[in-house]
Amino acid sequence: MNTDPIADYLTRIRNASAAQHRVVEIPASKVKKEITKILFDQGYILSYKFEDTTVQGSIKIALKYDKLTKDPVIKEIQRISKPGLRKYAGSGELPRILNGLGIAIVSTSKGVMTGKQARRENVGGEVLCYVY
């Protein structure tokens, strides 16, 4: 059994992009689906598809690469709040990643959203990960 499914999700994306894979398949959950939607909306992944063929289902993510240099668009994706040490931030304390070039994904009472959106809606929450 995996103790931190979100860290596993992020690691699979990190490893697949480092190995220049086009598609990565990940076991699904509600939080992972929300994070995937945010990554797509922010332009970090090319596309995604939710498949509910099994009980748990899976997420297929098409990774995005730079057309000229063939470098992955996701330079770094790191877990911030871990099961052993949760990291929470109020709406005024939400971090800005690379002066606004990256995103923080936050789990709030209004759902999973980017740090910028959480600041706009004046809600804080658990800082799940940074992406840039």
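The chat below goes through a predicted model of one protein.

Student: What kind of model is this, and how are residues numbered?
Tutor: It is a predicted model, where local features need pLDDT of at least 70, side-chain atom pairs count only at pLDDT 80 or more, and totals for chains, interfaces and linings use all residues. Residues are numbered from 1 along each chain as its sequence is written, and side-chain values use heavy atoms, with hydrogens and water left out.

Student: How many helices and strands does the protein have?
Tutor: There are 3 helices and 8 strands. Helices (H or I, at least four residues) and strands (E, at least two) are DSSP runs, numbered from the N terminus.

Student: In what order do the elements run?
Tutor: From the N terminus on, the order is α-β-α-β-β-β-β-β-β-α-β.

Student: What share of the residues is buried?
Tutor: Buried residues are 41% of the 132. Buried means under 20% relative accessible area, exposed over 50%, and partly exposed in between (1.4 Å probe, protein chains only).

Student: New topic. How many aromatic pairs are there?
Tutor: The count is 2 aromatic pairs. Rings of Phe, Tyr and Trp (its six-membered ring) pair if their centres lie within 6.5 Å; planes under 30 degrees apart count as stacked, over 60 as edge-to-face and the rest as tilted.

Student: Why is the pair of phenylalanine 40 and tyrosine 48 edge-to-face?
Tutor: The ring centres of phenylalanine 40 and tyrosine 48 are 5.3 Å apart and the planes are at 75°, so this pair is edge-to-face.

Student: And what about tyrosine 48 and phenylalanine 50?
Tutor: Tyrosine 48 and phenylalanine 50 make a tilted pair, with 5.0 Å centre to centre and 40° between the planes.

Student: How accessible are phenylalanine 40, tyrosine 48 and phenylalanine 50?
Tutor: Phenylalanine 40 is partly exposed at 34% relative accessibility. Tyrosine 48 is partly exposed at 30%, and phenylalanine 50 is partly exposed at 26%.

Student: Which residue lies over the face of phenylalanine 50?
Tutor: Lysine 33 does, at 5.3 Å from the ring centre. A charge sits over a ring if NZ of Lys or CZ of Arg is within 6 Å of the ring centre and within 35 degrees of the ring normal.

Student: Pockets next. How much space lies in the largest pocket?
Tutor: About 180 Å³. On a 1 Å grid over the protein atoms alone, a pocket is an open set of points where a 1.4 Å probe fits, with protein on both sides within 12 Å along at least five of seven lines; lining residues have an atom within 4 Å of a point. Grid points are joined across faces, edges and corners, and the volume is the space filled by probe spheres set on the points.

Student: Which residues are closest to the centre of the largest pocket?
Tutor: Of the 14 lining residues, the closest are Gly100, Gly102, Ile103, Gly115 and Lys116. Two or more lining residues come from each of β6 (103-108) and α3 (115-120). The largest share, 4 residues, is from α3.

Student: What classes are in the lining of the largest pocket?
Tutor: The lining has 5 nonpolar, 5 polar and 4 charged residues. Ala, Val, Leu, Ile, Met, Phe, Trp, Tyr, Cys and Pro count as nonpolar, Asp, Glu, Lys and Arg as charged, and the others, Gly among them, as polar.

Student: Where is lysine 30, and is it buried or exposed?
Tutor: Lysine 30 is in helix α2 (residues 30-41) and counts as exposed at 72% relative accessibility. Lysine 30 and valine 112 are 82 residues apart in sequence, and 9.8 Å apart in space, C-alpha to C-alpha.

Student: What is phi of lysine 70?
Tutor: Phi of lysine 70 is near 65°, a positive value in a residue other than glycine. Lysine 70 is in the loop between β3 (58-63) and β4 (77-79).
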